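This note sets out points for a colleague who is new to the structure. Please read each point beside the sequence and the coordinates.

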Amino acid sequence: MTSVSVHDRIGIPLEGLNDYGVVLFADSAEIKIAEVALFVYHPSVAMQRHGNMPYVKLGSSGLKVSKIILGCVGYGTSEWYSWVKNEEESIRDIKAAYDMGVNAFDTADVYSNGLSEVILGKAVRAHDIPRDAIVIMTKVLNPVTRRYSEHLHGNMRANADKAGYVNQHGLSRKHIFDSIKESLERLQMDYVDVFQCHGFDEETPIPEIMEALHDVVNLGYARYIGMSNCRAWEFQAMQNYAITHGLTPFISLQTNYNLLYREDEHEMLPMLKHYGVSCIPWSTLARGALITPLEQQVRQPDDRIPGGRKLWHAETISRVEAVARAKEATIPKIAIAWSVHKPGVDALVISPPSPRHLAAAISSLQLELSEGDISFLEALYEPQQPIVNFTASQSFHV
């Protein structure tokens, strides 16, 4: 790997990033550099920033979350993926996020095969964070394997039965109830605030899915439900069934939406507005493509962009660079500012590599973009191949 130059503008080649834009480093020497340059954190700094965090309601519900939701995919064990932080670092980062005003934490049963949930719960208890002061979000769909290092490559769910995980994936009533109980046990909590489907399950009837989710809420295991990574017609069918049958509806949708992938603007976002549901992008930095200038991207991330990278992708990134220079900001700050300016986007799931990067993301919320800036950034976009259900159709990429 090319040597990493670490500096305030996050100059990291794409070889040094995972699919979430989380920083990877090749050897211990680079890690030591990174600890000095990037991982500097002091609680007093965080508390000063607390007042900068806005809180928004999710959909038409009364639940308020921080505009930046902490993504917990990078907390667990490096046995799952090499870029995942260990327990001590993870607990430190979770507390730092809370001190900065983050009140919402997004995890999933499949992250580090359950250990992410365990560590999130430990962080809450270790620092005496009041349970009623935070929003815990987790997900159900994919199999939690027996070993941290076990991965079901290719079509994860298609291979699950063969690997001995029959009835341990999908959105059947059985798996939904097994999953929520196991998540609560790992978290050591009585309930989660938002229980989300990690994708659509074409094998389970929609009535079974929505009735099971409704019962999870009625039994007190979850306060609300949400959806992620689906097609517009799938969401509409599920939401419409819930509403017409007096069941619990979704209040939020996590989706792949950013400057380089805006297909949700055609159908999904207008539909979410119609139903009063919040859009929560999990891919604001385009899975790493909107972090560094093009000249520092030593490997073209063709596998990160649906259908492969096109010329207009590079030209759009160059435009982001130009706006960043004009505003004396970083490329990620412009990408985040663009996202929060979009109608229907109420909050962002951000999985930062350090508290310093989280603080930068929070400061991005104050960055103003004019209509001219937004038009300039969006002008070159071309329709592209839709892609959904990352966790079902590919190796783990969400």
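1. Confidence in the model. The term pLDDT denotes the predictor's confidence in each residue, on a scale from 0 to 100. For this protein the mean pLDDT is 85, and 81% of the residues reach 70 or more. This is a predicted model, in which local features need pLDDT of at least 70 and side-chain atom pairs count only at pLDDT 80 or more, while totals for chains, interfaces and linings use all residues. Residues are numbered from 1 along each chain as its sequence is written, and side-chain values use heavy atoms, with hydrogens and water left out.

2. Contact here means heavy atoms within 4.5 Å. Across residues 1-49 the pLDDT stays under 50, and the model gives this stretch 103 contacts beyond four places in sequence. The pLDDT is also below 50 over residues 391-398, a stretch with 37 contacts in the model beyond near neighbours in sequence.

3. The sheet. Helices (H or I, at least four residues) and strands (E, at least two) are DSSP runs, numbered from the N terminus. Two strands pair if DSSP finds at least two bridges between them. Eight strands form an open sheet with parallel pairing, in the order S9-S8-S7-S6-S5-S4-S3-S10. At its edges are strand S9 (278-281) and strand S10 (348-350), each of which pairs on one side only. On average, neighbouring strands of this sheet are turned by 30° against each other, direction ignored. Axes are lines fitted to C-alpha atoms, for helices over the stretch in contact, and angles run from 0 to 180 degrees between N-to-C directions. Helix H8 lies across strand S7 (222-228) and S8, and runs at about 165° to S8.

4. Strand S5 within the sheet. Three bridges join strand S4 (residues 104-106) and strand S5 (residues 135-140) in the parallel sense. Phe105 stands opposite Ile136 in S5, and Asp106 has Met137 of S5 as its bridge partner. Buried means under 20% relative accessible area, exposed over 50%, and partly exposed in between (1.4 Å probe, protein chains only). Six of the six residues of S5 are buried, so this strand is largely enclosed by the rest of the structure. In a regular strand the side chains alternate between the two faces of the sheet. Both faces of S5 are covered, with Val135, Met137 and Lys139 buried on one side and Ile136, Thr138 and Val140 buried on the other.

5. Aromatic pairs. Rings of Phe, Tyr and Trp (its six-membered ring) pair if their centres lie within 6.5 Å; planes under 30 degrees apart count as stacked, over 60 as edge-to-face and the rest as tilted. The structure holds eight aromatic pairs. In one of them, the ring centres of Phe235 and Phe250 are 5.4 Å apart and the planes stand at 35°, so the pair is tilted. This pair links distant parts of the chain, since Phe235 belongs to helix H8 (residues 232-244) and Phe250 to strand S8 (residues 250-255), 15 residues apart. Phe235 is buried at a relative accessible area of 0%, and Phe250 is buried at 2%.

6. Elsewhere, ring pairs link Trp80, Tyr81, Trp83 and Tyr111 into a cluster.

7. Charges over a ring. A charge sits over a ring if NZ of Lys or CZ of Arg is within 6 Å of the ring centre and within 35 degrees of the ring normal. Arg131 lies over the face of Tyr191, at 4.1 Å from the ring centre. Arg223 lies over the face of Tyr191 at 3.7 Å from the ring centre.

8. Val320, in helix H10 (residues 311-326), counts as buried at 0% relative accessibility. Not counting residues up to four places away in sequence, Val320 touches Leu259, Leu290, Ile331, Ile334 and Leu377. Pro386 is in the loop between helix H13 (371-378) and helix H14 (390-393) and is exposed, with a relative accessible area of 62%. The C-alpha atoms of Pro386 and Glu263 are separated by 6.7 Å, although these residues are 123 apart along the chain.
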